[in-house]
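Hello,

Here is the structure I promised to pass on. My notes follow below it.

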Amino acid sequence: FSMGAFVAAQVAAVDQRVRAVVLAAAPGDAFALTRHEYAAKGRAAQWGALVGDRLGGMRFDEPQPVAVVGRIAPRPVLILTGAADSTVTPAMARAVYA
């Protein structure tokens, strides 16, 4: 779930040994997720969080799940989201599905 699901989508997109995937609360785009999480705190907080992500090892230049989840087919993919999840919102899950 969460960032584990984020990585699972990336791996499954390139590794055919993965036979099925469950993505629970999987952010489709790390950059968009961080911006969303810190939006209420203002632009400075957003950019500070993005810099912190980058310094912590997040690679925004790697293919994001929203861009590669389609490559998992024809293997099964189950996408789970919570209707009240304010971090990885249902709209984000729909974007991964789309």
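Start with the strand residue Leu78. Leu78 sits in strand E2 and is partly exposed, because its relative accessible area is 44%. The cut-offs: buried is under 20% relative accessible area, exposed is over 50%, and partly exposed is in between, with a 1.4 Å probe and protein chains only. Helices (H or I, at least four residues) and strands (E, at least two) are DSSP runs, numbered from the N terminus.

Before going on, the ground rules. This is a predicted model, in which local features need pLDDT of at least 70, side-chain atom pairs count only at pLDDT 80 or more, and totals for chains, interfaces and linings use all residues. Residues are numbered from 1 along each chain as its sequence is written, and side-chain values use heavy atoms, leaving out hydrogens and water.

Leu78 also belongs to a surface patch. With Val22 and Leu80, Leu78 makes a nonpolar patch of about 260 Å². Patch residues have over 30% relative accessible area and no salt bridge; like charges are joined within 9 Å, nonpolar side chains (Val, Leu, Ile, Met, Phe, Trp, Tyr) within 5 Å. Areas come from the Shrake-Rupley method with a 1.4 Å probe, and for residues only the protein chains shown count as cover.

Next, helix H3. The arc is taken from the directions between the helix axis and the C-beta atoms. Gly57 follows H3 and has a positive phi, near 110 degrees.

Helix H5 spans residues 90-97, with Pro90, Met92, Ala93 and Val96 buried. They cover an arc of only 155 degrees around the axis, which puts them on the same side of H5. The buried residues of H5 pack against E1, H2, H4 and E2.

Now the loop between H1 (3-14) and E1 (21-24), where Gln16 lies. Gln16 counts as exposed because its relative accessibility is 55%. Gln16 and Arg43 are 27 residues apart in sequence and 40 Å apart in space, C-alpha to C-alpha. The side chains of Asp15 and Arg17 form a salt bridge at 2.8 Å, N to O. The rule is a side-chain nitrogen of Lys or Arg within 4 Å of a carboxyl oxygen of Asp or Glu, and the count comes to one. Asp15 is buried at 17% relative accessibility, whereas Arg17 is exposed at 70%.

Last, the backbone. Most residues other than glycine have a negative phi, and most peptide bonds are trans. Ser2, in the segment before H1, has a positive phi near 55 degrees. Ala25 has a positive phi of about 55 degrees and sits in the loop between E1 and H2 (30-37). The peptide bond from Ala73 to Pro74 is cis, with omega near 10 degrees. Pro74 lies in the loop between H4 (65-68) and E2 (77-80).

Best wishes

Note on methods
Contact means heavy atoms within 4.5 Å.
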